[in-house]
Amino acid sequence: MARVVFTGNFRHLVGEDAEADIPASNVRDLLNRLGERYPALAPHLDEGIALAIDGEIHQDALFSPVGPDSEVYLMPKIAGG
Amino acid sequence: MAKAHVTTTVNGDPVEFLCDAEQTLLDVLRDELYLTGSKEGCGSGDCGACSVIVDDRLVCACLMLGVEAEGHSIETIEGMANGDQLHPLQTKFLEHAALQCGVCTPGILVAAKSLLERNPDPTEIEVRYWLAGNLCRCTGYDKIVRAVLDTAQEMRGG
Amino acid sequence: MAATSNGKANGATRWIGTRPVRPDGVDKVTGRARFGADVHLPNMLVGKVLRSPHAHARIRSIDASAALALPGVKTVITRDDFNDLSSEFVPAGEMLVNYRDVVRNVMAREKALFEGHPVAAVAAVSEKVAREALALIDVDYEVLPHVLDVVDAMAPDAPLLHEDMITAGVEPAPTKPSNIAKVVEFKLGDVAEGFAEADIVIEREFSTQPVHQGYIEPHSCIANYSEDGQAELWCTTQGHFVVRGHCAKLLGMDVSKLRVTASEIGGGFGGKTVVYLEPVALMLSRKSGQPVKMTMSREEVFRASGPAAGTRVWVKIGMTNEGRITAGEAVLKYQAGAFQGSPVQPGCMCAFAPYDLDHVKVVGYDVLVNRPKVAAYRAPGAPQSEFAVESVVDELAKRIGMDPVELRLKNAAKQGTKAAYGPTFGPVGLVETLEEAKAHEHYRAPLKQGQGRGVASGFWFNIGGETCATLNLGEDGTIALVAGTPDIGGSRASLCLQAAETLGVDVERIRPLIGDTSTLGYTFLTGGSRTAFASGMAVVEAGKDMIRQLCERAAKVWDIPVDAVEWADGEARPAGSNAGEFDPLSLADLARLAGKTGGPFVGRAQINAQGAGPSFGTHIVDVDVDRETGRVTIERYTVIQDAGTAVHPSYVEGQLQGGAVQGIGWALNEEYIYDDKGRLQNPGFLDYRIPVCSDVPMIDTVIVEVPNPTHPYGVRGVGETPIVPPMAAIANAVEDALGMRFMDLPMSPPRVLKALEDARIAEAA
Amino acid sequence: MRYEAPETIEGAVKLLAGGGPRGRVLAGGTDLLVQLRASMIAPELVVDIKRIDETREIREEGGRLVIGAAVTGAELGEHAAAKAMWPGVVESAELIGSTQIQGRASLAGNLCNASPAADTVPALVAAAAQCRIAGPGGVRRLPVEEVCTGPGQLSLDDGEFVVAFEFPERPPHSADAYLRFIPRTEMDIAVVGAGVSLSFDDSGRCAAARVALGAVAPTVILVEEAGRALVGTECDDAALQNMAAAASAACRPIDDKRGTVEYRTKVAGVLATRAAKIAAQRAKGAR
């Protein structure tokens, strides 16, 4: 079970939960399950998000692996100048 | 208004062109003679990207009318290398990585050449003030100043 | 097959870390390099934009009939020529863009939202005729009240830029529209608890002015739209694939029908990640049936492109008497300009990033004002919030008499620290930069009478993203490297070095090219400090792809299994039991045999680079202040930054130096000055004062290398972090010199002198 | 727009007198071309005076310096005699813009652009320089401070143009200095400018003093009270303080993008003091 932590405004979309344990082997699984569990979050998972998987930032990467004990932060997407 | 006929020397070659009275020397160089090495960064003499040498004086080509060039001699970045031999400043700018995007580089090289022709042994402060009219937004000027000082030393035979 | 690289992991590198002359260097010192405005096409027209003279006005009607009647005018376009687009967010340079807004930004629809907002454009046979035509276009405006300041724009009675704007991120959603597009919040722990643990709590409010990226090359492009619906576009941009996507969307084209070529780019710093002229030029070309060239004047660049957001930032930090920071809280209000999308989100995330904190709360507001839509500018959003935080941290250090570097070391984020914005840091180099600062001769050098010294640290994430690269092996064994990220400051050199290292060949044998949008797969732009990292990663992958092919071919030639071939030092060698059985086949040998053995070699990579390494820096600055005129002079400056691995150290140093000097301008003199009608008063380099050569000293650099484990050679990306620390470092140095803290930028002479005078008056009273 | 480059004063006068109100004189062009480009002006005729010999010469006429209208800052800076006689005037010309601008910008252009912030004008006024003006009525002379009547406004008649600047004879123990304040070290328009010209008697007392300020009023101003505060003194600190107070008191500046009223007023006194110190130093070393 990956431990998912919601940062920023994603917290507002998941009700009281700041964190959730989600079984997933990769980002796509994780996002699908998050969308099922938090319908309000679902529309935001398509664009504009980044995941920090064990500290490493992944953006637009559906098949990045998620480990059984991974800590995953759901954050806004980052760009730059 | 008919165009004016102007006879000049550009990088040592006799050049004739036709231009409107309103056209700047920079317009003429870039749009009539296709010498696009001189850049337009501001059009008001504030950035130095269009620096050229007219009769041994460093000027902004955007602040001179094309018609004023009649009978004068103009040097641009395109005339700086001698055939396939780069000018020592050009070589040193490459060695020192004294450019990033490179758009200010032609103007800075022309300005630096003009400095070294007048003052073969400038101090850092003299280099900085001479080049104050050449804006560079990428480098913070450090490597540019070092490249000019190093070239000066090399050209003096040091 | 066992491809071994000579990378960091194996110890010594042959090419990484060397300083060859850049491959595009000669073109750039001879004037040969072609930038945006350096191209002329046969039958070309000149396009010019008519811009709103009002900061806020409803456009009742536009009559272009007189302009169209002028001989030499080929076409005029207005809002009517662009289809309206619905709200749809896509990634661009900075966060996301909404096409509904993009189409309005390139050509005003219902309203002009800032002075300089395009309202029409004309294509004519010459610049002169085009200018005359602009004067003949009759626009009927209903001038509306405008708002420029972020706090004013948040007031309940402020003039509304978008009458249907409902603030996002607030529950329950507001019922009334406002200029606040979005509220964002980042929380860690419980700040109330943290402040309760503190012995000292300091709160301060800061302001920063919008600043322009200040690239020397104005925006420029040539569009050539043909009657068969295909088009080519040449433009100066940080990302031609992004330009293609935006333009295709705005013109209703298939992306395959639009080929975009990136010219050499004369600076961008984030400002050339969006489209301004490009869709307009394409539309003019489509309507006129001729190529159209458009170039902004410097004045247009200032009035209608960039800038970085002006901000108000409130910060509160608690600390124990021993110097442990217990909590940090901040409220950030960022100007977005005329459309939503300020970088307030990254501003929030970066604010406390250099610190290992248990309790953080940052709230950010994205606020519309009647100014040009902000664009990315080096570490977008971070310099403003970190200026505030690093100033308060300095004050805290002074309060307990602790050295400010010590205080930072005591609280520094390091590997394993839960970043204030959430995730846990992997290997990062903040502590290393602070240790270097402490040990640096500059930090201990005596100051002259009246001078002051300041330090500050800074953080930026860096990014990866979609990236392609191709290596084409020529028949003589030399290589053409094709990348899709425009070279804005020497990246061709760093890509060639990474390819040379991977392939084990001389870097001189690799010639780089920035491919157009039809030669490579989609590649995200040059920005986010991603080029050396992500294009580098792609080049390394392409190199490995080629090595795999080369080894397969050698195996064929030798008639041995492919796993019995190894690649080392630029040649295929028989390995294992076959070692020494055959003479090695060099790259040139295999290239020569290519045709007879199965065809040419092309190494490719198409990746979505993940795991960009965050970058920290620490700056030290000495200032002198003329007490009678208020002028602040930078006497000495040192930049220390973690580069992960410096592929070409000269260009890494250049990034650090350039970023620092841009920061000096931001700190001391750069600002937009508007009149009471919302018209910009200083749209030129004369009165928008970027640093000139004589304003600054040499900028010393120290490159720290804490490798990024996700990149084969440890690259992090270096371009953005160096603009983060200067404002606070300089404010801290001025405080050290004068005993007076400046919380409003820029610290321009009138502002400094006024503070000195006020202090003298207060002292006398 | 028509461009003409006459080779004689008479030729220029004839063109300008016939050109009507939309004829413009072109010397260095560093202001004119910027205004042309910004469409601030749209002259029908531009008369380039650089091919007239008198406008290009620096010479001494009976101990008095004469500088041609179109002489550039760079040329003036290289003229050892001019620099020795009027170091303040020369340094003011050398402060206009960048090296590139120096290669073109002229004294007359700087004056006739009629900006209150023109760098050379306070130095020329402090030096008591006169303009030699040619026109349909012949040649007349006008003190520099009387040429500009307001921002962009000149007292010259149609057909008139400045041919040269004439400087007074320089008594012994005299020198001038010019300082300006700009936010950067180069490339800016003066926020405040101060020109000071001093003459001392053999005993080291100030015999004559002229103090002129730029960018603190609609035109460059000659502050007679400031000069009087120095005359008869040894330019000691007390005298300089009085002079600075008089200088600040004479300011009638505006708030604009380059500075505030209070800033300009305060810094005018500071710069006048600093310039006076330099002039005094030079005068003591002179002759």
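Analyst: Two residues are in contact if their C-beta atoms, placed from the backbone, lie within 7 Å. The model discussed here is predicted.

User: How many residues of chain B are in contact with chain C?

Analyst: The contact joins two sets of residues, one from each chain. On the side of chain C there are 42 residues. On the side of chain B the number is 44.

User: Which element of chain B gives the most to the side that touches chain C?

Analyst: The elements that give two or more residues to this side are α2 (88-95), α3 (105-118), α4 (124-130) and α5 (142-155) of chain B. By class, this side has 23 nonpolar, 12 polar and 9 charged residues. The element that gives the most, with 4 residues, is α2(B).

User: Is α12(C) roughly parallel or roughly antiparallel to α13(C)?

Analyst: Helix α12 (residues 404-411) of chain C packs against helix α13 (residues 430-439) of chain C with the axes 10 Å apart. The angle between them is about 160°. Angles over 145 degrees count as roughly antiparallel. Therefore α12(C) is, relative to α13(C), roughly antiparallel.

User: How many charged residues does the contact of α12(C) with α13(C) have?

Analyst: From α12(C), the residues V405(C), R408(C) and L409(C) take part, and they meet V431(C), L434(C), A437(C) and K438(C) in α13(C). Lys and Arg count as charged. By class, the contact has 5 nonpolar residues and no polar ones, and the number of charged residues is 2.

User: What is the mean pLDDT of chain D?

Analyst: In chain D, 98% of the residues reach a pLDDT of 70 or more. The mean for chain D is 95.

Methods. Residues are numbered from 1 along each chain as its sequence is written. Chains are lettered from A and ligands numbered from 1 in the order in which they are written. This is a predicted model: local features need pLDDT of at least 70, side-chain atom pairs count only at pLDDT 80 or more; totals for chains, interfaces and linings use all residues. pLDDT is the predictor's confidence in each residue, from 0 to 100. Axes are lines fitted to C-alpha atoms, for helices over the stretch in contact, and angles run from 0 to 180 degrees between N-to-C directions. Angles under 35 degrees count as roughly parallel, over 145 as roughly antiparallel, 65 to 115 as roughly perpendicular and the rest as oblique.
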